[in-house]
Amino acid sequence: GTALAVLGLVNLLEAEPGKVEERRMLDSLVAKLCDAYRANASHDWRWFESTLTYDNAMLPLALFAAYSVTGDRTTLRCARESLEFLEEVCFDGDQLPLVGNTGWHSAGGEKACADEQAIDATALVRAFSRAYSVTDSVRYVSRAAGTAFLFQNGRLDPDSPQADVDALVSAARGTKEQRWYDAPHELNEQARADRDAWLVQLLAG
């Protein structure tokens, strides 16, 4: 519930950043998550509690989202460390053997692999996507498999050299398309129209 509340508050504050009481609520909930992480995390168990159950990636997802509003480095550290730990637990090369429902995974024990929950895969994609959006780290893009990407870049953008853009596109492993425009970082009307058309086509299946 805490992670979902954080995500809801982030959405509100991104739209209306001047809401003081909601920002206080966000800071309080994020502090609660970070306190839980510090209380339970160790060198080989970097998590918020002693057991991994289901929808696990919602916790680092919420902290990455909160960081986009607060800019707090402790929040970012907890988000990064916990997502990296979850990646170690849930990935086996390119395979994704998730934490199973028949026993879960407790600190010091073996991970249950039977009866995995599809909701966990969705949460991981969301967490890696959000991690990339707030850190600009290419490593997160490669884990957001199953995601459709439209990369739009301006040839007149001094902050996005083509080599960096190409590295990002190369790292993405889902369905992807790259388009360049004679525009600065903010792009132009053609890019916005192309984005809208791309989204309509994606949603239409």
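Select Val6 to begin; this residue is placed in helix α1. Helices here are DSSP runs of H or I with at least four residues and strands are runs of E with at least two, numbered from the N terminus. The model is a predicted one, in which local features need pLDDT of at least 70, side-chain atom pairs count only at pLDDT 80 or more, and totals for chains, interfaces and linings use all residues. Residues are numbered from 1 along each chain as its sequence is written, and side-chain values use heavy atoms, with hydrogens and water left out.

**Around Val6**

Val6 has a relative accessible area of 0% and is therefore buried (under 20% relative accessible area; exposed means over 50% and partly exposed in between, with a 1.4 Å probe and protein chains only). Display next its contacts (heavy atoms within 4.5 Å). Apart from neighbours within four places in sequence, these are Leu26, Leu29, Val30, Leu33, Ala62 and Ala66. For Leu29, the C-alpha to C-alpha distance from Val6 is 6.7 Å, across 23 residues of sequence.

**The second largest pocket**

Select Gly1, Ala3, Glu49, Asp55 and Leu59, which lie nearest the centre of the second largest pocket among its 14 lining residues. Two or more lining residues come from each of α1 (2-15), α2 (20-40) and α3 (58-70); α1 gives the most, with three. The volume of this pocket is about 330 Å³. On a 1 Å grid over the protein atoms alone, a pocket is an open set of points with protein on both sides within 12 Å along at least five of seven lines, whereas a cavity is a set where a 1.4 Å probe fits but cannot get out; lining residues have an atom within 4 Å of a point. Grid points are joined across faces, edges and corners, and the volume is the space filled by probe spheres set on them. Eight residues of the pocket lining are nonpolar, four polar and two charged (nonpolar: Ala, Val, Leu, Ile, Met, Phe, Trp, Tyr, Cys and Pro; charged: Asp, Glu, Lys and Arg; polar: the others, Gly among them).

To see its lining, select Asn56, Ala57, Leu86, Cys90, Leu98, Val99, Asp120 and Leu124. Both α4 (73-90) and α5 (118-135) supply at least two of the lining residues.

Within α5, colour the buried residues Asp120, Ala123, Leu124, Ala127, Phe128, Ala131 and Thr135. They cover an arc of only 135° around the axis, which puts them on the same side of α5; the arc is taken from the directions from the helix axis to the C-beta atoms.

Move to α8 (residues 189-204), whose 16 residues should span 22 Å at 1.5 Å a residue; the end C-alpha atoms are 23 Å apart, which agrees. The expected span is 1.5 Å times one less than the number of residues. Ala191, Asp194 and Trp198 are buried in α8. Viewed down the axis, the buried residues fall within an arc of 60°, so they line one face of the helix. Glu189, Val200, Leu203 and Ala204 are exposed on the other side. The cover over the buried residues includes β3 (149-154) and β4 (176-181).

**Ser160**

Finish at Ser160, in the loop between β3 and α7 (162-171). Ser160 counts as buried at 18% relative accessibility. Beyond neighbours within four places in sequence, Ser160 is in contact with Asn153, Val165 and His185.
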